[in-house]
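Please keep the sequence and coordinates at hand while reading.

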Amino acid sequence: MNKNILRPTSLRSQSVSHRSLATCGAAAALGLTTMIAATPAFAQDAEPEEVELETLRIEDDTADVNPYTQKGAPYKARISADPRRVKPLAETPATITVITESQIEEAGTTDLKEILSQQPGVTIGTGENGNAFGDRYIIRGEEARSDVFVDGLRDPGMTTRESFAVDQIEITKGPSATFAGRGATGGAVNAITKQASTDYNFSRVDLGIGTDNLYRGTIDTNWLLSDNAAIRANLLYSNQDVPGRDPANRERWGAAISGTLQVSDAVRFSLDYYHLTANDKPDLGSYVTASTADGYGEPFDDIPAFTQDGDFLKSDVDTVTGRIFIEPFDGFKIVNSTRYGESSNGYVTTGARGGVDGATIALSDHQGWQEVRYFVNQFNAISSFDTGSLAHTLIVGSEYSDHKVTNGVYSITNSGATNCTVSGRGGTRPGYCITDTDGNLIVEPDAIRSLLGREITRDGSDSVWQVSALSFYAMDTVDITPWLSINGGVRLDATDFSLATRGEDYRQNQTLWNGHAGISVKPVDEMMLYASWGTAKNINGGESDLGSNCGYGGFCVDPVNPAVSGRPESSTSFEAGLKWDLFDDRFLLTAAVFQTTKSDIFELGSDDYSIEGAINTGKTRVKGIELGVVGNITDRLSGQIGVVIMDAEVLESIDPDNVGLTLSNFADTQATAQIRYQATEQFAFGATATYKSAMYAGQPDSAASFNETAGRYSYRVPSYAVVDAFAQYKFNEHFSGRINVQNVGDADYYTAAYRSGAFLYKGDERRATVTLTGRF
């Protein structure tokens, strides 16, 4: 909602927005009528602006600008959109990285996976036959693919996620199960969506065209139905070839409709509908050769695109969310949110693997589908009150969720003529190769896409996974003095788990207790020092796409005692840090040291396939330091810079050879900088640079694969640095244009590797886009 705030005179002054003048018109009784008599009451999509008067400063939040950012600093989020984060981010004792709408737009990133892969402390994971392809994130070394939230509610399932309807993305790092529930060991991702506003009508259209047949269009429009009701629509269509990897491509279309109704001063309703279809022809990139005693194996940079004509990765998401906001009096509010959603994810993809000679490249199938249904209701009562000299902000909440996932397979018949012999766990068999033992192509490049001659039929389900949870939590933030604050919380999750496979049915009921506590002090104005502690737990089989496959988070069955499901995996984190708000709260400096120890990790065997009748035998530790700055560095220069240096180590394992190794797909040094310079009132330019150190392939939550004979990790993902650039020009108050160039240096870089090196995700090659924006 639009909020006008009357404050003491500021030393700063800014230009007068149309909306600010229109608001001033309502204050004629204050003698301001002459200032606005000739001003039109029509608002544009602009940053919040101020009017400096003799004794008052009037500020305005425009509806089509992210309401959570700091005024005048569009890269700096001021608050979290989660109402349970009761302090401004600069006073929240936790590491929370926020990517604002302005950053997302100017960086030219669209898919959530693309956005998160640029963030320090976050890496990407791979899929396989048993582990569904789709968005997979690893935060501070821990699997987080089920720890994705939208507006504070869990968004389950392996799907593709887009940013067209997002105001900002919040990444909480470190165990946060008090807020998130089960899981959330390394952290959680919360996407905040755009909401309808009763401020005024506005529309925005973005049209983009680029290299590799890129076309993208979005519409963002808000209509006032009355003084108390509004509806907002965000629409998307996008299509592009994967740069340099034809015939791989990506297609998206989506709609997000949001409505709001102000019933009274104390009661407001909102209702949202979201749909996204992502229809890809995926490219699994390349493969990396095994390490030897002479050195690490290298990726095959020159491997031609091998995506087959029949390949697909299709995700569909439909959700409906209703919310009730009740604020009967100052200092007390109730927020109740309910969501029902359905999603599906199906894929048949082609992987490449090298032969024992390292030169032969053979193709392989990866396939599966899942259908997800979920319901969640979350209730929060938030009260601010005093007990003597202590100021409290107390949150009492509950949540009920029911998630059901049906997993299945496709039947694939490859009718193309085989041309080589390949080996696998089942022995040798005829196969499909694109190079010979000397590395020479044996298939014409244009014929590779039809080499397998696929015929695909969807088969039935092979597992049904379901978890329902009833949760209760309480959190309190207590300001003891203006310079001393403490906070803490506890959460109970009562879970009911069931897994039905083609052979067995499993069921477990577990109660998870988690908590957090922290203390913060302000030795000087605007500076906060803090220390915090937090826990997280997860049930056996907590990942929904794996059935009874213990790897990657599937349900682990002890063959000696099948009825025993084991203790929950448990993590504990300690963090100490500093946050310093500078330059009139438009620049934030952060620093944190942290350590997360995860114990009772589910393991069954000394390698990925053997079963030795043991669970809860693993223990890992991740520790590090993270530094960050965000906001306005000068009047013209703004940005966000983050650096994290971490160390991961396996402390205990059923396989003693794993002890001391690092975790898989874990980059111990990561850095990202997005910088923007406003050269003139009309022209701005900037760049985004991302660095990730080397990573090593392996299974999540366990040691990276190690070759004892070679004396080094088996499969390495090389370190990389990528630079993107943008420039934008504002033609007038209605029209602007932006040019984005991704991967300016056209670097060959890779973001994750499967545990056998059989496929290696390749980052996009250079691409350029021109986007025109109209605001009306």
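## Basis and confidence

This is a predicted model, in which local features need pLDDT of at least 70 and side-chain atom pairs count only at pLDDT 80 or more, while totals for chains, interfaces and linings use all residues. Residues are numbered from 1 along each chain as its sequence is written, and side-chain values use heavy atoms, with hydrogens and water left out.

The mean pLDDT (the predictor's confidence in each residue, from 0 to 100) is 87 for the protein, and 89% of the residues reach 70 or more. Over residues 1-63 pLDDT stays under 50, and the model has 115 contacts beyond four places in sequence for this stretch; a contact means heavy atoms within 4.5 Å. Where pLDDT is low, the predicted coordinates should not be read in detail.

Strands here are DSSP runs of E with at least two residues, numbered from the N terminus, and two strands pair if DSSP finds at least two bridges between them. Strand β26 (residues 484-501) pairs with strand β25 (residues 454-481) in the antiparallel sense over 18 bridges. The two form a hairpin with 2 residues between them, and Ser463 has Thr501 in β26 as its bridge partner.

Strand β26 is also joined to strand β27 (residues 505-521), running antiparallel, by 17 bridges. The hairpin from β26 to β27 passes through 3 residues, and Asn487 stands opposite Gly518 in β27.

## Two open sheets

Strand β8 (residues 137-139) is paired with β9 over 2 bridges, with Ile139 opposite Glu142 in β9.

A second open sheet has 5 strands in the order β6-β12-β13-β10-β11, and the pairing is mixed. The edge strands are β6 (95-100) and β11 (153-154), each of which pairs on one side only. Between strand β10 (residues 148-150) and β11 there are 2 bridges in the antiparallel sense; Phe149 has Arg154 as its bridge partner in β11.

Buried means under 20% relative accessible area (1.4 Å probe, protein chains only), with exposed over 50% and partly exposed in between.

Strand β33 (residues 669-678) is joined to β34 by 9 antiparallel bridges, and a hairpin connects β33 to β34 through 4 residues. Within this pairing Ala673 stands opposite Ala689 in β34. With strand β39 (residues 720-730), β34 pairs in the antiparallel sense over 10 bridges, and Thr688 has Asp724 in β39 as its bridge partner.

## Two buried residues

Ser664 lies in the loop between β32 (637-652) and β33 and counts as buried at 5% relative accessibility. Beyond four places in sequence, Ser664 touches Tyr696, Ala697, Gly698, Gln699, Pro700, Ser702, Ala703 and Ala704.

Asn740 is found in strand β40 (residues 735-742) and is buried, with a relative accessible area of 2%. Leaving aside neighbours within four places in sequence, the contacts of Asn740 include Glu105, Glu106, Phe726, Arg767 and Thr769. The side chain of Asn740 also makes a polar contact with the side chain of Arg738 (2.7 Å). A polar contact is a pair of N or O atoms within 3.5 Å; within protein, one must be able to donate a hydrogen and the other to accept it, and residues adjacent in sequence count only if both atoms are side-chain atoms.

## Salt bridges

A search of the whole structure finds 43 salt bridges, each defined as a side-chain nitrogen of Lys or Arg within 4 Å of a carboxyl oxygen of Asp or Glu. One of them joins the side chains of Asp151 and Arg323 (3.1 Å, N to O). This pair links distant parts of the chain, 172 residues apart: Asp151 in the loop between β10 and β11, and Arg323 in strand β19 (residues 312-329). Asp151 is buried with a relative accessible area of 18%, and Arg323 is buried with 7%.

Glu399 and Arg491 also meet through their side chains in a salt bridge (3.5 Å, N to O). Glu399 in strand β22 (residues 390-414) and Arg491 in strand β26 are 92 residues apart, and both are buried. A further salt bridge joins Lys762 and Glu765 (3.3 Å, N to O), and Lys762 is buried at 13% relative accessible area. Glu101, Lys194, Asp220 and Arg232 are linked in a salt-bridge network.
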